[in-house]
Amino acid sequence: MTAARNLLTFVSSAVRSPGVIGAVAPSGRALSDLLASVAPAHGPATVVELGPGTGVVSEALRRHLSPEARHVAVELDRSMVALLRRSLPWLEVVPGDAKDLQKLLADIGITTVDAIVSGLPWTLFSREAQCAIMEQVNRVLVPGGVFTTFAYAHVKNLPTQRRFRDLLEQSFDEVAVTPVVWRNFPPAIAYQCRNT
Ligand SMILES: C[S@@+](CC[C@H](N)C(=O)[O-])C[C@H]1O[C@@H](n2cnc3c(N)ncnc32)[C@H](O)[C@@H]1O
């Protein structure tokens with residue numbers, strides 16, 4: 001019942017704001033676990049999720065992180081914020097736009113983070129918006145911290161996706177691309193990025 005309600009919220013938001021949601025369904029468990037896997041599994045790490053949607057990746061992070069970790073989720077869509085607050089009461093949900101990340105985190109006492117897990121629909125953003133959010137990511141991420149995000153495999157060679165990949169290469173010392181996660185609809189890859 002909860003899964004059906006979450007899917008309904010996701011689809012309603014996707015129909016209402018296709019340029020904000022950018023997907024037809026939430027990520028599956030295999031992709032969610034892959035995204036969460038790069039975050040530190042031990043100790044009091046600070047981990048930020050961008051665009052948690054209905055919280056499938058949030059749940060994967062909850063399974064992966066130590067209980068001492070601080071897990072914050074920044075979400076723009078008001079219906080998703082309400083759903084997350086109702087269904088995942090343990091999650092620290094911050095309503096807002098990822099382009100204001102540094103300020104949103106400063107407001108809750110966070111200046112640096114160890115990992116950023118993004119569910120944002122990067123290819124729907126203008127080049128300026130992509131650069132603005134990436135700059136915020138780099139401002140708050142600790143040296144050696146990790147940034148991960150995903151893209152659908154069938155669009156990975158389109159110009160918009162190549163442009164985003166170039167931005168990742170410019171923003172990080174290391175950009176690894178995972179094999180395709182076939183058990184996802186649609187199949188997807190993840191980028192795992194670090195600065196040394
Ligand atoms: C493709 S959905 C991903 C949801 C979830 N992480 C998943 O993998 O199923 C994209 C999410 O990013 C949110 N979003 C889009 N633009 C955003 C922004 N500028 N700041 C914060 N969240 C944003 C949308 O509202 C939506 O919840």
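**Briefing: salt bridges and strand pairing**

Asp107 is exposed, with a relative accessible area of 53% (exposed means over 50%, buried under 20%, and partly exposed in between, with a 1.4 Å probe and protein chains only). The model is a predicted one, in which local features need pLDDT of at least 70 and side-chain atom pairs count only at pLDDT 80 or more, while totals for chains, interfaces and linings use all residues. Residues are numbered from 1 along each chain as its sequence is written, and side-chain values use heavy atoms, with hydrogens and water left out.

**Annotated domain**

- The unreviewed UniProt entry places the feature "domain: Methyltransferase" at residues 47-145; UniProt positions follow the numbering used here, feature names are shortened, and annotations may be inferred rather than shown by experiment.
- Residues 47-145 are 39% helix and 25% strand, and the end C-alpha atoms of this span lie 10 Å apart.
- Helices (H or I, at least four residues) and strands (E, at least two) are DSSP runs, numbered from the N terminus.

**Salt bridges**

- The structure contains 7 salt bridges, each defined as a side-chain nitrogen of Lys or Arg within 4 Å of a carboxyl oxygen of Asp or Glu.
- Side chains of opposite charge can pair when their charged atoms come close.
- Asp107 forms a salt bridge with Lys103 (2.8 Å, N to O), and Lys103 is likewise exposed, at 54% relative accessibility.
- Arg70 and Glu92 meet in a salt bridge at 2.6 Å, N to O. This pair links distant parts of the chain, 22 residues apart, with Arg70 in strand S2 (residues 70-75) and Glu92 in strand S3 (residues 92-95).
- Arg70 is partly exposed at 28%, and Glu92 is partly exposed at 27%.
- A salt bridge also connects the side chains of Arg139 and Glu135 (2.6 Å, N to O). Both residues lie in helix H7 (residues 127-140), 4 residues apart, about one turn of the helix.
- Arg139 is partly exposed, with a relative accessible area of 44%, and Glu135 is partly exposed at 44%.
- Arg29, Asp33 and Arg63 are linked in a network of salt bridges.

**Strand S4 and its partners**

- Strand S4 (residues 113-118) is mostly covered, with 5 of its 6 residues buried.
- Strand S1 (residues 46-50) runs parallel to S4 and is joined to it by 4 bridges; two strands pair if DSSP finds at least two bridges between them. Val48 has Ile116 in S4 as its bridge partner.
- S4 also pairs with strand S5 (residues 141-152) in the parallel sense, over 4 bridges. Leu141 in S5 is the bridge partner of Val113.
- From S4 the chain passes through H7 to S5 in a right-handed β-α-β crossover: with the strands pointing away from the viewer, the path from the first strand over the helix to the second runs clockwise.
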